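Please keep the sequence and the model in view while reading.

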Amino acid sequence: MNFSIRSVAQDTDSWWDLPAGTANTIADVPGVRVGHVTCLEGTARTGVTAVVPHDADLFRYPVSAGLAVLNGFGKSAGLLQLAELGRIETPILLTNTFGVAACTTALIRGAIEQNPEIGRSRATVNPLVLECNDGRVSDIQALAVTEAMAVEAISAARPEFAQGTVGAGTGMRTFGFAGAIGSASRRVALPSGREHIIGALVLSNFGRPGDLRVLGKRIATPKAGPSDPSDKGSVIVIYATDAPLDSRQLSRLSRRAGAALGRLGSYWGDQSGDIAIAFSTANRLSIDSEIDTVDRLGEARLEPFLCAAVEAAEEAVLNGLWHADALTGYDGLRLPVLRDQLSSRVT
(Lines give C-alpha, C1' and ligand atoms only; values in the text may rest on other atoms or scores of the structure.)
Protein backbone atom coordinates (compact mmCIF):
# COMPACT_ATOMS: atom_id res chain seq x y z
CA MET A 1 0.00 0.00 0.00
CA ASN A 2 3.04 2.34 0.20
CA PHE A 3 3.13 2.47 -3.62
CA SER A 4 1.70 5.90 -4.43
CA ILE A 5 2.26 9.27 -6.05
CA ARG A 6 5.57 9.29 -4.18
CA SER A 7 6.79 6.65 -6.62
CA VAL A 8 7.23 9.26 -9.36
CA ALA A 9 7.27 12.60 -7.55
CA GLN A 10 10.76 13.16 -6.15
CA ASP A 11 10.10 16.43 -4.28
CA THR A 12 7.35 15.27 -1.92
CA ASP A 13 9.50 15.90 1.15
CA SER A 14 9.91 19.56 0.22
CA TRP A 15 6.22 19.94 -0.69
CA TRP A 16 4.76 18.24 2.41
CA ASP A 17 5.86 19.08 5.95
CA LEU A 18 4.68 16.04 7.89
CA PRO A 19 5.62 12.35 7.65
CA ALA A 20 3.14 9.75 6.44
CA GLY A 21 1.92 6.86 8.55
CA THR A 22 3.14 3.30 8.09
CA ALA A 23 0.68 2.35 5.33
CA ASN A 24 -0.07 5.96 4.31
CA THR A 25 -3.83 5.31 4.46
CA ILE A 26 -6.76 6.14 6.71
CA ALA A 27 -6.33 2.67 8.27
CA ASP A 28 -3.15 3.86 9.97
CA VAL A 29 -5.63 5.05 12.60
CA PRO A 30 -6.01 1.95 14.80
CA GLY A 31 -9.33 0.18 14.39
CA VAL A 32 -10.37 1.89 11.15
CA ARG A 33 -11.21 -0.43 8.26
CA VAL A 34 -12.25 0.05 4.63
CA GLY A 35 -14.14 -2.27 2.28
CA HIS A 36 -15.24 -2.12 -1.35
CA VAL A 37 -17.73 -3.72 -3.69
CA THR A 38 -17.38 -2.97 -7.40
CA CYS A 39 -20.19 -3.42 -9.94
CA LEU A 40 -19.34 -3.73 -13.65
CA GLU A 41 -22.49 -5.53 -14.73
CA GLY A 42 -24.25 -4.41 -17.89
CA THR A 43 -23.98 -0.63 -18.25
CA ALA A 44 -22.97 -0.09 -14.60
CA ARG A 45 -19.52 1.19 -13.65
CA THR A 46 -20.12 1.85 -9.98
CA GLY A 47 -19.88 0.46 -6.46
CA VAL A 48 -19.92 1.00 -2.71
CA THR A 49 -17.10 1.80 -0.30
CA ALA A 50 -17.50 1.38 3.46
CA VAL A 51 -15.46 3.08 6.19
CA VAL A 52 -15.84 1.43 9.59
CA PRO A 53 -14.51 3.52 12.54
CA HIS A 54 -14.18 0.64 15.02
CA ASP A 55 -15.18 -2.99 15.60
CA ALA A 56 -17.85 -2.41 18.26
CA ASP A 57 -21.55 -1.63 17.81
CA LEU A 58 -21.47 1.95 16.51
CA PHE A 59 -25.06 2.65 17.53
CA ARG A 60 -24.25 1.89 21.16
CA TYR A 61 -20.71 3.27 21.00
CA PRO A 62 -20.69 6.19 18.52
CA VAL A 63 -17.61 8.26 17.65
CA SER A 64 -17.26 12.01 17.97
CA ALA A 65 -17.50 13.71 14.60
CA GLY A 66 -17.70 17.01 12.76
CA LEU A 67 -18.30 18.12 9.21
CA ALA A 68 -17.85 20.90 6.69
CA VAL A 69 -20.09 21.48 3.68
CA LEU A 70 -17.86 23.44 1.31
CA ASN A 71 -20.44 23.42 -1.48
CA GLY A 72 -23.80 21.78 -0.89
CA PHE A 73 -24.66 20.37 -4.33
CA GLY A 74 -25.22 16.85 -3.04
CA LYS A 75 -27.77 14.25 -1.95
CA SER A 76 -26.16 12.64 1.08
CA ALA A 77 -28.00 11.12 4.06
CA GLY A 78 -27.35 11.74 7.75
CA LEU A 79 -25.43 15.01 7.64
CA LEU A 80 -28.05 17.12 9.43
CA GLN A 81 -28.05 15.00 12.59
CA LEU A 82 -24.29 14.58 12.47
CA ALA A 83 -23.96 18.38 12.57
CA GLU A 84 -26.45 18.64 15.44
CA LEU A 85 -25.21 15.84 17.71
CA GLY A 86 -21.55 15.66 16.69
CA ARG A 87 -21.35 11.89 16.40
CA ILE A 88 -21.42 9.02 13.92
CA GLU A 89 -23.42 5.90 14.82
CA THR A 90 -23.19 3.69 11.70
CA PRO A 91 -20.48 2.72 9.25
CA ILE A 92 -19.93 5.39 6.60
CA LEU A 93 -20.97 4.37 3.09
CA LEU A 94 -19.83 6.04 -0.13
CA THR A 95 -21.61 5.41 -3.42
CA ASN A 96 -23.18 7.11 -6.43
CA THR A 97 -26.01 9.63 -6.26
CA PHE A 98 -28.82 7.20 -6.99
CA GLY A 99 -27.36 4.57 -4.64
CA VAL A 100 -27.97 6.61 -1.47
CA ALA A 101 -31.41 5.12 -0.79
CA ALA A 102 -30.27 1.49 -1.01
CA CYS A 103 -27.24 2.15 1.19
CA THR A 104 -29.36 4.03 3.73
CA THR A 105 -31.78 1.12 4.02
CA ALA A 106 -28.90 -1.33 4.41
CA LEU A 107 -27.45 0.68 7.31
CA ILE A 108 -30.84 0.90 9.02
CA ARG A 109 -31.44 -2.84 8.68
CA GLY A 110 -27.95 -3.61 9.99
CA ALA A 111 -28.38 -1.36 13.02
CA ILE A 112 -31.79 -2.89 13.82
CA GLU A 113 -30.33 -6.39 13.54
CA GLN A 114 -27.77 -5.49 16.21
CA ASN A 115 -30.22 -3.45 18.27
CA PRO A 116 -33.85 -4.64 17.84
CA GLU A 117 -35.11 -1.85 20.10
CA ILE A 118 -34.18 0.88 17.56
CA GLY A 119 -37.25 2.90 16.60
CA ARG A 120 -39.31 1.32 19.40
CA SER A 121 -37.96 1.62 22.92
CA ARG A 122 -34.89 3.50 21.68
CA ALA A 123 -34.39 6.40 19.28
CA THR A 124 -34.04 5.84 15.55
CA VAL A 125 -30.61 5.42 14.00
CA ASN A 126 -28.86 8.01 11.82
CA PRO A 127 -27.42 6.24 8.74
CA LEU A 128 -24.53 8.09 7.10
CA VAL A 129 -24.23 7.82 3.31
CA LEU A 130 -22.31 10.20 1.05
CA GLU A 131 -22.28 10.31 -2.73
CA CYS A 132 -20.75 11.58 -5.94
CA ASN A 133 -22.35 11.44 -9.39
CA ASP A 134 -20.62 8.83 -11.57
CA GLY A 135 -23.16 9.27 -14.37
CA ARG A 136 -20.63 10.37 -16.98
CA VAL A 137 -19.00 6.92 -16.89
CA SER A 138 -21.66 4.68 -15.33
CA ASP A 139 -25.26 4.41 -16.49
CA ILE A 140 -26.65 5.87 -13.30
CA GLN A 141 -30.23 5.21 -14.43
CA ALA A 142 -29.51 1.49 -14.12
CA LEU A 143 -29.89 1.86 -10.32
CA ALA A 144 -27.27 -0.85 -9.94
CA VAL A 145 -26.38 -0.21 -6.28
CA THR A 146 -28.24 -2.59 -3.96
CA GLU A 147 -28.61 -3.19 -0.24
CA ALA A 148 -26.68 -6.42 -0.66
CA MET A 149 -23.71 -4.52 -2.11
CA ALA A 150 -23.69 -2.17 0.88
CA VAL A 151 -23.73 -5.10 3.32
CA GLU A 152 -20.94 -6.81 1.39
CA ALA A 153 -18.78 -3.67 1.43
CA ILE A 154 -19.10 -3.43 5.22
CA SER A 155 -18.30 -7.15 5.61
CA ALA A 156 -15.25 -6.73 3.35
CA ALA A 157 -13.78 -3.90 5.45
CA ARG A 158 -10.13 -4.53 6.32
CA PRO A 159 -7.07 -2.45 7.34
CA GLU A 160 -5.56 -3.23 3.91
CA PHE A 161 -7.66 -2.07 0.98
CA ALA A 162 -7.39 -1.18 -2.70
CA GLN A 163 -7.29 2.34 -4.10
CA GLY A 164 -8.16 3.66 -7.55
CA THR A 165 -11.11 2.67 -9.75
CA VAL A 166 -12.67 0.42 -7.15
CA GLY A 167 -15.82 0.50 -5.02
CA ALA A 168 -17.51 3.90 -5.04
CA GLY A 169 -14.60 5.28 -7.05
CA THR A 170 -15.15 2.99 -10.04
CA GLY A 171 -17.00 5.40 -12.33
CA MET A 172 -15.66 8.71 -11.07
CA ARG A 173 -13.85 11.43 -13.03
CA THR A 174 -11.36 13.95 -11.62
CA PHE A 175 -9.87 16.86 -13.58
CA GLY A 176 -10.75 14.92 -16.74
CA PHE A 177 -8.87 11.79 -15.63
CA ALA A 178 -10.24 8.51 -14.34
CA GLY A 179 -11.42 9.38 -10.84
CA ALA A 180 -11.05 7.19 -7.83
CA ILE A 181 -10.90 6.28 -4.18
CA GLY A 182 -7.63 7.40 -2.61
CA SER A 183 -6.12 7.56 0.85
CA ALA A 184 -3.17 8.98 2.79
CA SER A 185 -2.13 9.72 6.37
CA ARG A 186 0.08 11.99 8.44
CA ARG A 187 1.82 11.62 11.80
CA VAL A 188 1.61 14.51 14.24
CA ALA A 189 4.00 14.74 17.20
CA LEU A 190 3.08 16.87 20.20
CA PRO A 191 5.74 18.69 22.28
CA SER A 192 5.37 16.00 24.97
CA GLY A 193 6.49 13.37 22.44
CA ARG A 194 3.00 11.92 22.19
CA GLU A 195 2.17 11.04 18.57
CA HIS A 196 -1.14 10.83 16.75
CA ILE A 197 -2.34 9.90 13.26
CA ILE A 198 -4.69 11.70 10.89
CA GLY A 199 -5.86 9.65 7.92
CA ALA A 200 -7.89 10.77 4.92
CA LEU A 201 -9.96 8.79 2.45
CA VAL A 202 -11.31 10.63 -0.58
CA LEU A 203 -14.01 9.83 -3.12
CA SER A 204 -12.71 11.98 -5.95
CA ASN A 205 -15.02 13.20 -8.73
CA PHE A 206 -14.31 16.90 -9.14
CA GLY A 207 -12.23 19.47 -10.99
CA ARG A 208 -12.11 21.03 -14.43
CA PRO A 209 -9.96 19.30 -17.08
CA GLY A 210 -6.62 21.06 -17.36
CA ASP A 211 -6.72 22.58 -13.87
CA LEU A 212 -5.01 19.77 -11.93
CA ARG A 213 -1.85 20.66 -10.04
CA VAL A 214 0.47 17.93 -8.76
CA LEU A 215 2.87 19.29 -6.14
CA GLY A 216 2.28 22.75 -7.61
CA LYS A 217 2.90 21.69 -11.22
CA ARG A 218 0.01 22.03 -13.64
CA ILE A 219 -0.80 18.77 -15.44
CA ALA A 220 -2.70 19.09 -18.71
CA THR A 221 -5.43 16.63 -19.63
CA PRO A 222 -4.58 14.70 -22.83
CA LYS A 223 -6.31 16.04 -25.93
CA ALA A 224 -8.16 12.75 -26.18
CA GLY A 225 -9.74 13.40 -22.81
CA PRO A 226 -13.09 15.09 -22.15
CA SER A 227 -13.50 18.85 -22.21
CA ASP A 228 -15.76 20.63 -19.75
CA PRO A 229 -15.73 24.35 -18.95
CA SER A 230 -16.96 23.90 -15.36
CA ASP A 231 -15.69 22.45 -12.09
CA LYS A 232 -18.40 19.97 -11.17
CA GLY A 233 -18.93 16.42 -10.02
CA SER A 234 -18.34 16.40 -6.22
CA VAL A 235 -15.74 15.18 -3.75
CA ILE A 236 -16.13 13.51 -0.37
CA VAL A 237 -13.28 13.70 2.15
CA ILE A 238 -13.36 11.49 5.25
CA TYR A 239 -10.86 12.14 8.03
CA ALA A 240 -10.11 9.77 10.89
CA THR A 241 -7.81 10.41 13.83
CA ASP A 242 -6.83 8.82 17.10
CA ALA A 243 -6.27 12.27 18.62
CA PRO A 244 -8.82 13.27 21.29
CA LEU A 245 -10.69 15.96 19.36
CA ASP A 246 -14.23 17.00 20.19
CA SER A 247 -16.91 17.59 17.54
CA ARG A 248 -16.18 21.31 17.24
CA GLN A 249 -12.47 20.68 16.72
CA LEU A 250 -13.29 17.94 14.20
CA SER A 251 -15.45 20.41 12.26
CA ARG A 252 -12.54 22.84 12.20
CA LEU A 253 -10.35 20.02 10.91
CA SER A 254 -12.91 19.16 8.20
CA ARG A 255 -12.89 22.69 6.82
CA ARG A 256 -9.21 22.32 5.95
CA ALA A 257 -10.22 19.95 3.16
CA GLY A 258 -11.02 23.10 1.20
CA ALA A 259 -7.37 24.13 1.29
CA ALA A 260 -6.37 20.72 -0.07
CA LEU A 261 -8.83 21.00 -2.96
CA GLY A 262 -7.53 24.48 -3.76
CA ARG A 263 -3.93 23.28 -3.83
CA LEU A 264 -5.03 20.66 -6.37
CA GLY A 265 -6.61 23.29 -8.62
CA SER A 266 -10.31 23.25 -7.71
CA TYR A 267 -12.48 26.25 -6.90
CA TRP A 268 -15.49 24.15 -5.69
CA GLY A 269 -17.73 24.82 -8.67
CA ASP A 270 -21.45 25.55 -8.62
CA GLN A 271 -22.49 21.94 -9.32
CA SER A 272 -19.91 20.22 -7.13
CA GLY A 273 -20.92 18.68 -3.81
CA ASP A 274 -17.79 19.18 -1.75
CA ILE A 275 -18.20 17.70 1.72
CA ALA A 276 -15.74 16.69 4.43
CA ILE A 277 -16.38 14.81 7.67
CA ALA A 278 -13.98 13.90 10.46
CA PHE A 279 -14.22 11.49 13.36
CA SER A 280 -12.06 10.60 16.34
CA THR A 281 -11.62 7.13 17.82
CA ALA A 282 -9.91 8.44 20.95
CA ASN A 283 -12.89 8.51 23.32
CA ARG A 284 -15.30 5.60 23.54
CA LEU A 285 -18.73 7.17 23.97
CA SER A 286 -21.79 5.19 25.08
CA ILE A 287 -25.48 5.91 24.57
CA ASP A 288 -26.10 4.38 28.01
CA SER A 289 -23.79 6.78 29.86
CA GLU A 290 -25.26 9.46 32.08
CA ILE A 291 -21.99 11.40 31.95
CA ASP A 292 -19.17 10.85 29.45
CA THR A 293 -15.70 11.62 30.76
CA VAL A 294 -13.44 12.32 27.80
CA ASP A 295 -10.00 13.62 26.93
CA ARG A 296 -9.71 16.64 24.66
CA LEU A 297 -6.73 18.11 22.88
CA GLY A 298 -5.79 21.57 24.11
CA GLU A 299 -6.81 24.19 21.56
CA ALA A 300 -3.30 25.58 21.34
CA ARG A 301 -2.06 22.18 20.11
CA LEU A 302 -4.47 21.93 17.17
CA GLU A 303 -2.27 23.75 14.64
CA PRO A 304 -0.25 20.78 13.29
CA PHE A 305 -3.42 18.71 12.96
CA LEU A 306 -4.87 21.33 10.62
CA CYS A 307 -1.74 21.13 8.48
CA ALA A 308 -1.96 17.34 8.52
CA ALA A 309 -5.56 17.47 7.30
CA VAL A 310 -4.56 19.54 4.27
CA GLU A 311 -1.61 17.35 3.36
CA ALA A 312 -3.42 14.03 3.86
CA ALA A 313 -6.43 15.03 1.74
CA GLU A 314 -4.26 16.42 -1.05
CA GLU A 315 -2.13 13.29 -1.25
CA ALA A 316 -5.20 11.04 -0.93
CA VAL A 317 -6.67 12.53 -4.11
CA LEU A 318 -3.35 12.09 -5.94
CA ASN A 319 -2.89 8.53 -4.68
CA GLY A 320 -6.38 7.61 -5.91
CA LEU A 321 -5.67 9.07 -9.34
CA TRP A 322 -2.29 7.33 -9.45
CA HIS A 323 -3.90 3.94 -8.80
CA ALA A 324 -6.80 4.50 -11.22
CA ASP A 325 -7.11 2.37 -14.36
CA ALA A 326 -8.64 3.18 -17.72
CA LEU A 327 -12.27 2.14 -17.85
CA THR A 328 -14.64 2.30 -20.81
CA GLY A 329 -17.90 3.95 -19.84
CA TYR A 330 -21.38 2.78 -20.75
CA ASP A 331 -21.45 5.07 -23.81
CA GLY A 332 -17.90 4.34 -24.99
CA LEU A 333 -16.11 7.15 -23.15
CA ARG A 334 -12.63 6.07 -22.04
CA LEU A 335 -11.00 8.41 -19.54
CA PRO A 336 -7.24 9.03 -19.61
CA VAL A 337 -5.16 7.88 -16.64
CA LEU A 338 -3.06 10.31 -14.62
CA ARG A 339 -0.36 7.69 -14.09
CA ASP A 340 0.46 7.81 -17.81
CA GLN A 341 0.84 11.59 -17.70
CA LEU A 342 2.99 11.63 -14.58
CA SER A 343 5.41 9.04 -15.90
CA SER A 344 6.73 11.63 -18.31
CA ARG A 345 5.74 14.97 -16.73
CA VAL A 346 6.60 14.79 -13.03
CA THR A 347 10.24 14.26 -12.07
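This is a predicted model: local features need pLDDT of at least 70, side-chain atom pairs count only at pLDDT 80 or more; totals for chains, interfaces and linings use all residues.

Residues are numbered from 1 along each chain as its sequence is written, and side-chain values use heavy atoms, with hydrogens and water left out. Helices (H or I, at least four residues) and strands (E, at least two) are DSSP runs, numbered from the N terminus. Buried means under 20% relative accessible area, exposed over 50% and partly exposed in between (1.4 Å probe, protein chains only).

**Aromatic rings**

- The structure holds one aromatic pair; rings of Phe, Tyr and Trp (its six-membered ring) pair if their centres lie within 6.5 Å, and planes under 30 degrees apart count as stacked, over 60 as edge-to-face and the rest as tilted.
- The ring centres of F175 and F206 are 5.1 Å apart with planes at 65°, so this pair is edge-to-face.
- F175 lies in the loop between β7 and β8, and F206 in the loop between β10 and β11, so the pair ties together parts that are 31 residues apart in sequence.
- F175 is buried at a relative accessible area of 0%, and F206 is buried at 0%.

**Helix α4**

- In α4 (residues 147–155), M149, A150 and A153 are buried.
- These residues cover an arc of only 100° around the axis, which puts them on the same side of α4; the arc is that of the directions from the helix axis to the C-beta atoms.
- The face turned away from the buried side of α4 carries the exposed residues A148 and S155.

**Salt bridges**

- The structure holds 19 salt bridges, each a side-chain nitrogen of Lys or Arg within 4 Å of a carboxyl oxygen of Asp or Glu.
- R296 forms a salt bridge with D246, with the closest N and O atoms 3.6 Å apart.
- R296 lies in the loop between β14 and α7 and D246 in the loop between β13 and α5, so this pair ties together parts that are 50 residues apart in sequence.
- E299 and R252 meet in a salt bridge at 2.9 Å, N to O.
- D246, R248, R252, R296 and E299 are linked in a network of salt bridges.
- E314 forms a salt bridge with R263, with the closest N and O atoms 3.0 Å apart.
- E314 is buried, with a relative accessible area of 0%, whereas R263 is partly exposed, at 31%.
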